[in-house]
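Here is a short report for a first look. Please keep the sequence and the 3D view at hand while reading.

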2 protein chains.
Amino acid sequence: MSEDKKLKSGSTALTSRRSFLNTAAIASLGGLVACSEKPSSMAASAAGSASAHAQGSSNPAHLKPGELDEYYGLWSGGHTGDMRVLGIPSGREILRIPCFVPDALVGWGITNESKKVMGTKPDGSLKYTVADTHHTHASYKDGNYDGRYAFINDKINSRIARIRLDYFICDKITELPNVQGFHGIFPDKRDPVDQKINYTTRVFCGGEFSVPLPNVGTDDSSQYRSLFSCVDAETMEVRWQVLIDGNCDLVATSYDGKLAATNQYNTEMGVHYEDMMSAERDACLFFNVARIEEAVKAGKFKTIGDSKVPVVDGTHAANKDAKTALTAYVSVPKNPHGVNASPDGKYFICAGKLSPTATVIELSRVLDWFDGKLEKIDGAIVAEVELGLGPLHTAFDGRGNAFTTLFLDSQIVKWNVAEAIKFHSGDKTAKYVVDRLDVQYQPGHLNASQSETKAADGKYLAVGCKFSKDRFLPVGPLHPENEQLIDISGEKMVLMADHPVRGEPHDFIIFKRDLVRPKQVYDLDEFPLAVKDAKDSGVVRNGKKVTVKLTSLAPAFSMREFKLKKGDEVTLILTNLDKIEDLTHGFAIPKYNINFIVNPQETASVSFIADKPGVFWCYCTHFCHALHLEMRTRMIVEA
Amino acid sequence: MSEDKKLKSGSTALTSRRSFLNTAAIASLGGLVACSEKPSSMAASAAGSASAHAQGSSNPAHLKPGELDEYYGLWSGGHTGDMRVLGIPSGREILRIPCFVPDALVGWGITNESKKVMGTKPDGSLKYTVADTHHTHASYKDGNYDGRYAFINDKINSRIARIRLDYFICDKITELPNVQGFHGIFPDKRDPVDQKINYTTRVFCGGEFSVPLPNVGTDDSSQYRSLFSCVDAETMEVRWQVLIDGNCDLVATSYDGKLAATNQYNTEMGVHYEDMMSAERDACLFFNVARIEEAVKAGKFKTIGDSKVPVVDGTHAANKDAKTALTAYVSVPKNPHGVNASPDGKYFICAGKLSPTATVIELSRVLDWFDGKLEKIDGAIVAEVELGLGPLHTAFDGRGNAFTTLFLDSQIVKWNVAEAIKFHSGDKTAKYVVDRLDVQYQPGHLNASQSETKAADGKYLAVGCKFSKDRFLPVGPLHPENEQLIDISGEKMVLMADHPVRGEPHDFIIFKRDLVRPKQVYDLDEFPLAVKDAKDSGVVRNGKKVTVKLTSLAPAFSMREFKLKKGDEVTLILTNLDKIEDLTHGFAIPKYNINFIVNPQETASVSFIADKPGVFWCYCTHFCHALHLEMRTRMIVEA
């Protein structure tokens with residue numbers, strides 16, 4: 001506590017702790033996870049905190065039954081492979097959107113339509129059934145979300161998925177070539193050249209793991225490299241890639257469209273973790289988007305392996321002259337994790353992870369460097385201040401304050417960016433730390449309402465705590481994580497609620513509910529295979545190839561039964577003719593491993609070989625009507 | 001409202017509505033789903049209800065951060081194929097337990113251990129990846145839960161799964177032979193003969209869809225039949241089955257172990273829905289467990305197709321003499337849905353679904369019939385009272401009151417069983433309806449704290465509403481369902497909270513938290529393949545067969561890299577040597593479609609062909625430590 005007080009006065013009291021961190025023997029690192037050593041004492045302090053912040057009826061997280069949330073939250077699901085949609089401030093999970101991983105509820109990975117989005121092997125089976133989503137961000141217009149798309153990464157297989165924010169479904173997935181460990185992701189906010197394009201047209205993707213390029217079986221780790229990729233937001237094709245020194249972690253973009261950046265925790269390009277943390281400073285790597293695209297246009301690129309994507313050279317060696325450089329490496333202390341753009345458009349902030357500091361980089365100065373007006377790129381650093389142990393990610397309230405997670409201290413620290421700059425520039429009376437709040441436990445990402453837009457409104461902050469420990473009833477060895485909601489409307493942060501969540505969400509965004517315009521009923525015309533009238537139902541045979549056309553209208557399918565012959569190659573098409581919002585039907589075929597849903601006015605299809613003779617009751621799996629249990633049709637497969 | 005008042009006075013005012021229901025033309029049935037016709041008016045009434053029940057700080061659902069719930073809830077996940085674990089009264093979902101369907105988070109369906117539980121085809125791929133769980137119930141001792149097991153059904157593929165309630169994991173799955181549409185499930189509560197066995201040893205399973213027996217390609221629907229199955233709770237093998245007339249829906253068991261029952265909505269044995277609802281009365285079918293097991297012991301059974309499970313004859317024709325009958329068919333009005341045992345052990349209650357009534361059956365009278373002391377089995381009916389439109393399921397408060405969902409009225413009705421019996425016996429002054437509460441919308445299952453035990457405590461009631469409509473922010477065509485929590489401690493029901501939930505949970509149980517004793521860290525000895533010491537790590541080669549042994553201890557895997565040759569048949573075994581509660585690691589292999597977790601002291605293994613040459617960064621996918629991002633090992637596959 002005394003240390004906290006010193007921190008609040010902006011002193012350098014943390015120097016000894018920082019030294020400890022930087023010089024810690026590898027063997028000591030296990031001890032960095034405070035939670036593994038003192039869960040009971042932390043629990044005690046947590047209980048105190050909870051009681052101090054006990055909320056009565058005014059707690060905004062406690063919506064009355066039937067009240068709607070003010071904000072949407074889009075959360076990555078982690079290695080559940082999906083995207084989560086929450087209501088804020090209640091913290092209620094309203095939807096999970098399957099992307100990279102099959103979802104038995106909707107038939108994602110079962111229907112032909114979803115398999116086409118997900119990608120299949122030559123034999124028609126899914127190429128991948130696991131994924132690891134970390135970061136989700138939405139498309140912009142004029143510095144705020146425009147409700148068109150969200151994007152999300154799969155770290156395991158280096159895929160990017162796009163979500164349509166009208167129907168809240170994934171419609172495209174692209175696998176990045178020659179990238180392993182695709183981690184950070186961020187859409188641009190306008191075009192760097194054509195200022196009329198004031199909306200998202202690109203998505204930037206950071207490759208975290210360095211590998212041989214191409215990765216075909218050689219193993220000289222000194223030759224491993226990482227790529228930074230740009231994906232077209234509309235076509236979802238990879239436009240270009242940048243070969244870099246070091247690796248990519250998270251990604252941020254500037255509001256003027258000119259700069260993208262990634263923090264780098266392994267500038268050492270080590271392959272063992274002690275090597276990855278050997279340097280005192282790593283980097284925040286900036287990309288000059290316009291220059292990169294000029295270079296591509298001018299043919300100054302190579303390609304790697306089978307990929308046709310142009311790859312420009314962003315290494316140190318090739319970018320020594322600022323006036324032609326495609327990239328700029330700003331140094332940042334020890335293994336930074338997280339780079340975040342302030343809503344005033346002025347700064348990127350990198351947190352130090354293994355350094356107790358945050359580094360504030362002024363973007364106009366980075367542009368000055370590219371213009372030859374700033375001699376050393378590190379001159380763009382306008383603050384580097386100590387916040388506490390294990391700083392990771394930063395959110396903003398739009399009133400000049402930043403909120404950074406302290407993983408090791410299990411805290412959120414609220415700090416004032418202008419005061420931090422003053423302090424850094426020599427004014428040691430500047431008090432940049434405004435408040436601290438204990439969270440439970442070990443926070444990773446955090447984000448505030450509208451924080452990643454020019455309309456940051458400083459109302460609610462959510463934080464994803466990596467360990468829940470004793471905060472919920474015990475449920476065996478696999479603990480949920482703990483999402484905590486915090487009221488940041490006042491000077492002091494106030495903890496509102498704990499919510500358990502299936503591991504493990506990483507990043508997320510929170511935005512006002514009027515920024516999206518969801519469509520609640522599909523349009524029949526969106527589906528080329530739609531069976532638009534129950535009268536069109538039937539079994540169409542062409543040799544062994546059989547098409548079964550069905551419709552649903554509560555409480556019945558359009559055919560009471562249909563007959564197939566053993567060995568038939570069947571495509572079954574089902575259109576839900578119900579128009580009522582929320583009137584979804586399911587369709588399961590026992591023993592044939594088929595189940596999927598059709599929402600109102602939706603069409604879906606499945607293909608299978610009728611290899612098992614018998615009578616199979618295909619039934620509605622999604623409650624629809626008083627006669628739901630009776631809503632069935634018989635698939636009769638003759639031997 | 002006037003109708004409600006009349007109902008409360010126990011009058012027969014509903015007769016006209018009931019007549020409507022029973023004589024409704026098929027064409028009118030679409031209109032039975034009230035929600036599809038008047039969403040706006042219902043929303044208005046809901047808002048009124050929410051405001052009337054607005055809760056201040058005393059709302060028990062609003063736990064303060066860090067406060068623990070008093071009760072566990074075990075919920076079926078529906079066609080997500082898993083089991084959900086909730087805390088009550090907060091309604092927070094703490095865990096999803098994968099059972100029948102792969103789960104990318106834990107690697108369920110990826111690891112060899114989980115594939116063995118789930119079942120594979122000859123080529124090693126999973127037999128099924130879809131499922132539809134409906135009902136979950138837990139094992140008993142002395143009429144209360146004993147914290148050993150929970151059981152859950154898969155309706156699509158007729159499988160039953162067992163959950164260990166120490167580790168909260170699925171450990172066994174059994175596919176029922178010759179059953180399609182396995183729906184209701186209930187453990188017994190003691191042995192019918194040996195009263196020393198005062199705990200669960202059997203689980204009863206209801207087959208809903210009638211099919212040819214065996215189902216091998218013939219199609220004479222007059223020969224379709226359903227089976228009622230008994231599974232051994234320890235071995236999970238099918239002990240016996242009963243061939244019946246009509247079908248099975250839900251299942252209940254008596255506290256004395258002597259009786260099991262299933263409600264039957266299709267005594268007509270129709271294959272089209274209008275046939276399924278043509279009879280005015282269907283049935284609640286009772287099974288005399290001791291007599292069935294005597295018959296099996298005496299060899300009075302047949303087998304069907306390839307199955308070796310003994311099947312006894314429970315049809316009407318074979319059970320005309322009560323004194324030797326294995327089964328008894330009690331008549332119940334029109335398409336009943338739900339059969340529930342009252343906590344005093346005296347009654348089973350069947351709700352009418354297409355009749356506005358609930359039927360109360362006295363178990364001692366059913367036993368009297370089996371003993372030849374009651375002439376007609378319908379003499380066991382002690383009440384049949386009108387409750388409202390679309391009654392489905394019933395819960396109890398342990399104070400003599402029952403709570404029944406009214407699907408069409410979108411209400412919960414609280415009614416007094418003793419008063420209903422009085423009313424039925426002729427005392428028209430008996431006021432059996434105690435209270436009504438609007439819910440949002442179309443409730444299916446409901447359950448109350450401890451309701452299915454002798455320790456029913458009448459504190460909280462949860463209800464699964466099938467449609468959420470306007471209760472949450474819009475998220476596209478697929479709406480969540482709405483789980484509502486209700487305080488039933490007083491005379492009047494009070495709505496506490498709405499929670500959105502991914503479709504679609506069906507049944508669930510709620511019990512006191514001290515009834516389970518979860519283990520939070522595994523025992524290394526539970527895993528035959530455990531790599532108990534990091535020193536035992538390594539690559540063991542036997543021709544093309546290669547075993548990779550690894551351990552994890554934050555922040556590193558025991559090997560920094562390991563080498564394979566293209567084409568190797570690899571089994572990789574990973575033991576998590578971390579002992580700290582909540583310190584789980586993940587293990588992903590890019591491009592190899594592998595990801596799984598190992599909880600503290602857990603071992604898991606995966607097998608794959610090393611068919612892609614290159615360097616693959618296997619990384620920890622489950623946040624563990626400040627150096628989590630750096631926790632990796634390289635799998636180098638030489639070309």
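Why is helix H6 (residues 289-297) of chain A largely enclosed by the rest of the structure? Because seven of its nine residues are buried.

## Helix H6 of chain A

This is a predicted model. In H6(A), the buried residues are A:Val289, A:Ala290, A:Arg291, A:Ile292, A:Glu293, A:Ala295 and A:Val296. A residue counts as buried when its relative accessible area is under 20%.

A:Gly299 follows H6(A). The phi of A:Gly299 is positive, near 80°.

## Where chain A meets chain B

How many residues does the contact take from each chain? It takes 149 from chain A and 149 from chain B. Between them, chain A and chain B bury about 12,600 Å². Carbon and sulfur atoms carry 61% of that area.

Three residues of chain A lose the most area to chain B: A:Pro65, A:Leu473 and A:Pro477. Together they make up 6% of what that side buries.

## Charged and polar pairs

Chain A and chain B share 10 salt bridges. In a salt bridge, B:Glu630 pairs with A:Lys353. Their closest N and O atoms are 2.8 Å apart.

Polar contacts also cross the interface of chain A and chain B: 66 residue pairs, with both residues at pLDDT 80 or more. On the side of chain A that touches chain B, 75 residues are nonpolar, 37 are polar and 37 are charged.

Methods: Residues are numbered from 1 along each chain as its sequence is written. Chains are lettered from A and ligands numbered from 1 in the order in which they are written. This is a predicted model: local features need pLDDT of at least 70, side-chain atom pairs count only at pLDDT 80 or more; totals for chains, interfaces and linings use all residues. Side-chain values use heavy atoms; hydrogens and water are left out. Buried means under 20% relative accessible area, exposed over 50%, partly exposed in between (1.4 Å probe, protein chains only). Helices (H or I, at least four residues) and strands (E, at least two) are DSSP runs, numbered from the N terminus. Contact means heavy atoms within 4.5 Å. Buried area is the accessible area (1.4 Å probe) that two parts lose on being put together, summed over both. A salt bridge is a side-chain nitrogen of Lys or Arg within 4 Å of a carboxyl oxygen of Asp or Glu. A polar contact is a pair of N or O atoms within 3.5 Å; within protein, one must be able to donate a hydrogen and the other to accept it, and residues adjacent in sequence count only if both atoms are side-chain atoms. Ala, Val, Leu, Ile, Met, Phe, Trp, Tyr, Cys and Pro count as nonpolar, Asp, Glu, Lys and Arg as charged, and the others, Gly among them, as polar.
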